[in-house]
Structures are given as C-alpha cells and as structure tokens.
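User: I would like to go through this structure with you, starting with the charged side chains. Could you take my questions one at a time?

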Amino acid sequence: MDRVAGDEPLVECNMIVSGRVQGVGFRAFVRDTARALGVKGWTRNLPDGSVELEACGRAGPMVAFRRRVGAGPGWTKIAEVRERPRSTTEPLPDPFTIVR
C-alpha cells in the first residue's frame, strides 16, 4: 500500500553548514530549495563564516532537503554539515525565510 505524503511524520532539524557559504548566494539557495520542497524554517549567517538553518517538513521532502543542502549549489564549497535536533519548540516561519 502506498503511503500518502500527508501521513509522513514531521521532521525538524538544526544544521550548521561550513565552508565557502557566505557571500555566494548559499542562503538564497537554501531558501529556494526549502520552498520548492514545502519545507518551512529559516537560515542565517553566523559570525564564524558558517550558515545556520532550522527546518521542518515531511520526512520525504526533508531527506531531499538535507541532501541538497549538503551538496550545495555548484558555486559553493561545503566543508562540513553538522546536524542536531532543534533546541526550541517555537513555530518556524512559513514560507522559509532568510534572517538578516
């Protein structure tokens, strides 16, 4: 029996992406990818040169989202992706947003 996408559990995460990810359009790539997949949340630059994001979506789209964020667009260089559970239960923005 096929599972209906709406029946998939919600998955939340916090990710820190390091490498050449600031000043190259990476946050816009993350936002556009999230919106295309129906993932909500936010992304922002961190003082150490990395990018942080929090995201929430159905299990299937979140697998695709994580894969695309980890690969990044061709013009960036991802050195590391650290993922952990979200530390808050505050609702995430919908649609996905760049925090400045």
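This is a predicted model: local features need pLDDT of at least 70, side-chain atom pairs count only at pLDDT 80 or more; totals for chains, interfaces and linings use all residues.

User: Which side chain does Arg86 meet in a salt bridge?

Analyst: Arg86 meets Glu54, with an N to O distance of 2.8 Å. This pair links distant parts of the chain: Arg86 is in the loop between S4 and S5, Glu54 is in strand S3, and 32 residues separate them.

User: And Glu54, buried or exposed?

Analyst: Glu54 is buried, at a relative accessible area of 5%. Glu54 and Arg86 also belong to a network of salt bridges that includes Glu12.

User: How many salt bridges does the structure hold?

Analyst: The structure holds seven. Another one of them joins the side chains of Glu52 and Arg84, at 4.0 Å from N to O. Glu52 lies in strand S3 (residues 51–58) and Arg84 in strand S4, so this pair ties together parts 32 residues apart in sequence.

User: What is the accessibility of those two residues?

Analyst: Glu52 has 7% relative accessibility and counts as buried, whereas Arg84, at 47%, counts as partly exposed.

User: Where does Arg66 come in, and what does it pair with?

Analyst: Arg66 is in helix H2, and its side chain meets that of Glu83 in a salt bridge of 2.7 Å, N to O. Glu83 is in strand S4, 17 residues away from Arg66. Both are partly exposed: Glu83 has a relative accessible area of 41% and Arg66 one of 25%.

User: Changing topic to aromatics: how many pairs does a search of the whole structure find?

Analyst: The search finds two aromatic pairs. In one of them, Phe65 and Phe96, the ring centres are 6.0 Å apart and the planes stand at 55°, so the pair is tilted. The class follows because planes under 30 degrees apart count as stacked and those over 60 as edge-to-face, with the rest tilted.

User: Which parts of the chain does that pair tie together?

Analyst: Phe65 lies in helix H2 (residues 59–71), and Phe96 in the loop between strand S4 (77–84) and strand S5 (97–98), so the parts tied together are 31 residues apart in sequence. Both phenylalanines are buried.

User: What about the largest nonpolar core, and which residues have the most contacts inside it?

Analyst: That core has 19 residues, and those with the most contacts inside it are Phe26, Val30, Leu53, Ala55, Phe65 and Val69. S1, H1, S3 and H2 each supply at least two residues, and H1 gives the most, with five.

User: What is Phe26 in contact with, leaving aside its neighbours within four places in sequence?

Analyst: Phe26 is in contact with Val17, Val21, Val51, Val69, Gly72, Pro73, Thr76 and Ile78.

User: Which residues of H1 are buried, and where do they fall around its axis?

Analyst: The buried residues of H1 are Phe26, Arg27, Phe29, Val30, Thr33, Ala34 and Leu37. Seen down the axis, they fall within an arc of 160°, so they line one face of the helix. In general, an α-helix has 3.6 residues a turn, so residues three or four places apart point the same way. The cover over the buried residues of H1 includes strand S1 (10–20), strand S2 (40–45), S3, H2, S4 and S5.

User: One last check: what span should H1 have, and what follows it?

Analyst: The twelve residues of H1 (residues 26–37) should span 16 Å at 1.5 Å a residue, and the end C-alpha atoms are 17 Å apart, which agrees. Gly38 follows H1, with a positive phi near 75°.

Methods: Residues are numbered from 1 along each chain as its sequence is written. Side-chain values use heavy atoms; hydrogens and water are left out. Rings of Phe, Tyr and Trp (its six-membered ring) pair if their centres lie within 6.5 Å; planes under 30 degrees apart count as stacked, over 60 as edge-to-face and the rest as tilted. Helices (H or I, at least four residues) and strands (E, at least two) are DSSP runs, numbered from the N terminus. Buried means under 20% relative accessible area, exposed over 50%, partly exposed in between (1.4 Å probe, protein chains only). The expected span of a helix is 1.5 Å times one less than its number of residues. The arc is that of the directions from the helix axis to the C-beta atoms. Contact means heavy atoms within 4.5 Å. A nonpolar core is a set of buried Ala, Val, Leu, Ile, Met, Phe, Trp, Tyr and Cys residues joined through side-chain atoms within 4.5 Å.
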